[in-house]
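Work through these exercises with the coordinates open. Each task is followed by a stepwise solution.

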Amino acid sequence: MRHILDSAVARRNFIASLGGAAAVALMSHEARADALEGALNAGVSPNMKDSQSCTPEGNHHYPTVAEIEAEVPTRSYRRCVGGLLLNTKGNVKQLAKMPARPTLWDFFELRFMGSRNHCFQSANKALHNGVDEEIVLACLLHDTVQELVHTDHGFWGAQMYEPYVPAQTAFAIRYHAALRFYPDAQAGYCYPDEYREMFGIDYEPPPHIVQSYKYARAHRWYGAARAVTVNDLYSFNPNSMVNLDPFKDIVGRHFKQPEEGLGNDNSPSAHYWRTLANPDLPL
Ligand SMILES: [Fe+2]
Ligand SMILES: [Fe+2]
């Protein structure tokens, strides 16, 4: 969900929108990441290129892992908590009630407010790049579970969608998160600057991510998961709206919408949907 400001121009515009370099210097790394995410979700980051920078920006200070760890006790929450569940700038809002038999589009409309713009943009890019429909679907869904949980979101997301989507789509959702840490120049994917900011310049992925990468790299569906990372970029034009009609057709063809409604169908991940539908229940 959180992504890079790809170009120096975009980064300068973003910094200017926050009050200039001096104001940004006073912000914590977390506050900067929040501001970046807010700007990207609002589609207000102009002049962004449709590609990543492959090397860190020369004069930009990236935090170290130790610096990021030192910020933990300055927060009242853990960074894993999902976007729907936490508002770091104030109180959460009253949520609209879900229909009795909610569909995937009901969740996009009423619960995925923080993740949908990014997912629409990614799926739109994939569509224009001519990738397979099952992979466009993976792009459309790939970060929506971050409404519930950020950490290990590839695994959480794959489990949430596995009962409803083709196996290749679930594979692409599961492994895109690990592949984000590993460049593939041939596929056109570089290590994101944003990860240097979020994880620390000296970050080493944990063993399960290394293992996941190795497994996916050798798998026949590697290209599907890699395609999610390649299209997992921002190319916002704030004046253009994504046309959802093609995605509605793709969802209609490949997403097994349960008749009882998501959450009411006793699938292995029905509780994910119920929690998204009713996140204010105390137990
Ligand atoms: Fe993403
Ligand atoms: Fe992701």
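**Exercise 1.** Why is helix 12 (residues 222-230) largely enclosed by the rest of the structure?

*Solution.* The model is predicted. Start with the count: 7 of the 9 residues of helix 12 are buried, so the helix is largely enclosed. Next, list them: A224, A225, R226, A227, V228, T229 and V230. Finally, find the partners. These buried residues pack against helix 6 (116-128), helix 7, helix 9 and helix 11 (207-217).

**Exercise 2.** Determine how helix 6 and helix 7 pack, and what their contact is made of.

*Solution.* Take the geometry first. The angle is about 160°, and the axes lie 7 Å apart. Angles over 145 degrees count as roughly antiparallel. Therefore helix 6 runs roughly antiparallel to helix 7. Their crossing is right-handed. Now the residues: C119, S122, A123, A126 and L127 of helix 6 meet I135, V136, C139, L140 and L141 of helix 7. This contact divides into 9 nonpolar residues, 1 polar and no charged.

**Exercise 3.** Locate the largest nonpolar core and trace the contacts of A172.

*Solution.* The core has 49 residues. Those with the most contacts inside it are A123, I135, V136, A138, C139 and A172. Helix 9 (residues 167-179) gives the most to this core, with 8 residues. Beyond four places in sequence, A172 touches I135, A138, W221, A224, A225 and V228.

**Exercise 4.** Which residues of helix 8 are buried?

*Solution.* The buried residues are H153, G154, W156, G157, A158, M160 and Y161. They pack against helix 7 (133-141), helix 9 and helix 14 (270-277).

Note on methods
Residues are numbered from 1 along each chain as its sequence is written. Chains are lettered from A and ligands numbered from 1 in the order in which they are written. This is a predicted model: local features need pLDDT of at least 70, side-chain atom pairs count only at pLDDT 80 or more; totals for chains, interfaces and linings use all residues. A nonpolar core is a set of buried Ala, Val, Leu, Ile, Met, Phe, Trp, Tyr and Cys residues joined through C-beta atoms within 7 Å. A residue is buried if 20 or more other C-beta atoms lie within 10 Å of its own, exposed if 12 or fewer, and partly exposed in between; C-beta atoms are placed from the backbone. Helices (H or I, at least four residues) and strands (E, at least two) are DSSP runs, numbered from the N terminus. Two residues are in contact if their C-beta atoms, placed from the backbone, lie within 7 Å. Axes are lines fitted to C-alpha atoms, for helices over the stretch in contact, and angles run from 0 to 180 degrees between N-to-C directions. Angles under 35 degrees count as roughly parallel, over 145 as roughly antiparallel, 65 to 115 as roughly perpendicular and the rest as oblique. A crossing is left-handed if the near helix is turned anticlockwise from the far one by less than a right angle, and right-handed if clockwise. Ala, Val, Leu, Ile, Met, Phe, Trp, Tyr, Cys and Pro count as nonpolar, Asp, Glu, Lys and Arg as charged, and the others, Gly among them, as polar.
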